[in-house]
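Subject: Structure for you to look at

Hello,

Here is the structure I said I would pass on. Please open it beside this message and follow the notes below.

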Amino acid sequence: MNNKIRNKLYVIMLCLICSYTVKAQKAYSIDELIDAAQKSSRQLNVKGYQVVEKASKLKEDEIRRYPSVTLDGSYQYNFNLPDISIPAGTLGSVTNGSGVEQLLPAQESKFRVGQKGSYNVGINLYQPITQQLKLSTGLAIDRADIKISEQERAQTAQELKIQVERLFYSALIVRKTAELERLNLVLAKAKLADGEASKSAGTTTQTGLTGLNADIAGQEQTLIKLELQLQDYLSEISVMTAIDVDKLELQETDPADKLFSINDYQTSALQTPELEIARLSKEKAALGIKAIAQNNLPDFGILAGYYRQQGSPILPASSPYLGISLKWNIQDLFVNKEIKVQRHAQLRQADDNLIYTQQQLGLAVDRAWRKVQSCRSLISAANKAVLFRKEELKEQQNRLSAGFEIKSKILETKVKLAQSETELYTAQLQQSIAIAELRNISGKN
């Protein structure tokens, strides 16, 4: 095969690789993958159930503010009923009209108590009074718990989103790098073919050919590593999104470049779920102190009810009743004192945690902002490299037309241009990852 035909084949191979497309199947965008990950996330499901649980707990405690109603009843059959014996004269004596003293009762009397079968039914109501204050504070704590659970779910959704974005952009970077390595492999094989032709002419040694073969082996090894790394990224995305890895293809995306000022991100960070959780935890701790102070009050309430019975001649057959109830466990006064110390410690912990979270969020925003700016500098430098490589390629093509350049040199320059474009693409996607992390930290979309 002469050099002219061989160089044409190399150019054809290069064009095929540059227009490389994967097998026809649906390509998933970053938004579709994030949506799929959120729908299949067990963590989000758990957080959602926690919100439902806390909401139900709030309703449960609201019910406790209203009167508690108790229904009770019993039936009893007595095989042996006791008798009441009243000896003669137990009630004293009286003098009758004849002047004779008469004992009361005149003789020993026996009375059977009740009936063998007896029953009673009743309804009892209790309305707490002093406990209303404590119950109100408990409801406020329940509402804080609901908000905390909602913020935790939002935080989990944000973390899941950034995980998918990081894997998505990293996979695109590896895929682009693999394309470049394929070009390098084509170039290495072209150099080997040229070396073999030169060896026939006596201008290349066997040592030189061995080095070229080693370069090809190294390129093939690098390509295999990149393919394995890409497969690892796709497998992780597949697990998170429940999409079959064999059907998972990533859609090319325009690198994110929408950026706000750092002040906007710092302001937005004050409303992030992480900081809201810290605020709500402090609020909940303060409510706990209030609740323990209210716990020192006695349990005072109103009683009301109605009962009906049959079988005991001594008790009334039916009777409504109304009364008050007062309970006060004196020991609780001493126990609550220690609990109050614990609650104050919890409040101080929550306060320090809130300040610490604010500081860490501020530092994280600054760090992410610097990373974005660094990526922008890399993009600017990579853009210049691409422009210079394009100029170089243009000059070499002009020289080729004039007969002063060989096609293998053109191929080498095209590979260098592809390398510069890959570095530019990588820098752009790294900026997308940095912006995504900045959005996640600050909560600004």
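F168 has contacts with residues from several parts of the sequence: setting aside neighbours within four places, they are Y28, S29, I30, L33, I237, L250, Q251 and T253. Bear in mind that this is a predicted model.

F168 is one of the residues with the most contacts inside the largest nonpolar core, along with L33, V164, L248 and L250. That core has 37 residues. Two or more of its residues come from each of α2 (30-40), α4 (131-201), α5 (206-241) and α9 (407-442). The biggest contribution is from α4, with 14 residues. Another core, of 10 residues, lies apart from this one, and includes Y265, V372, A434 and L438. In soluble globular proteins, nonpolar side chains tend to be buried together.

Next, look at Y425, in helix α9. Is Y425 buried or exposed? Its relative accessible area is 12%, which is under the 20% cut-off, so Y425 counts as buried. Leaving out neighbours within four places in sequence, Y425 is in contact with L172, K176 and E252. Y425 and L172 are 253 residues apart in sequence, but their C-alpha atoms are 9.3 Å apart in space.

Last, the strands. β9 (residues 299-310) runs antiparallel to β7 (residues 117-128), and 10 bridges join them; in this pairing N120 stands opposite Q309. β9 is also joined by 10 bridges to β10 (residues 318-327), again antiparallel. There, L303 stands opposite G323.

Regards

Note on methods. Residues are numbered from 1 along each chain as its sequence is written. This is a predicted model: local features need pLDDT of at least 70, side-chain atom pairs count only at pLDDT 80 or more; totals for chains, interfaces and linings use all residues. Side-chain values use heavy atoms; hydrogens and water are left out. A nonpolar core is a set of buried Ala, Val, Leu, Ile, Met, Phe, Trp, Tyr and Cys residues joined through side-chain atoms within 4.5 Å. Buried means under 20% relative accessible area, exposed over 50%, partly exposed in between (1.4 Å probe, protein chains only). Helices (H or I, at least four residues) and strands (E, at least two) are DSSP runs, numbered from the N terminus. Contact means heavy atoms within 4.5 Å. Two strands pair if DSSP finds at least two bridges between them.
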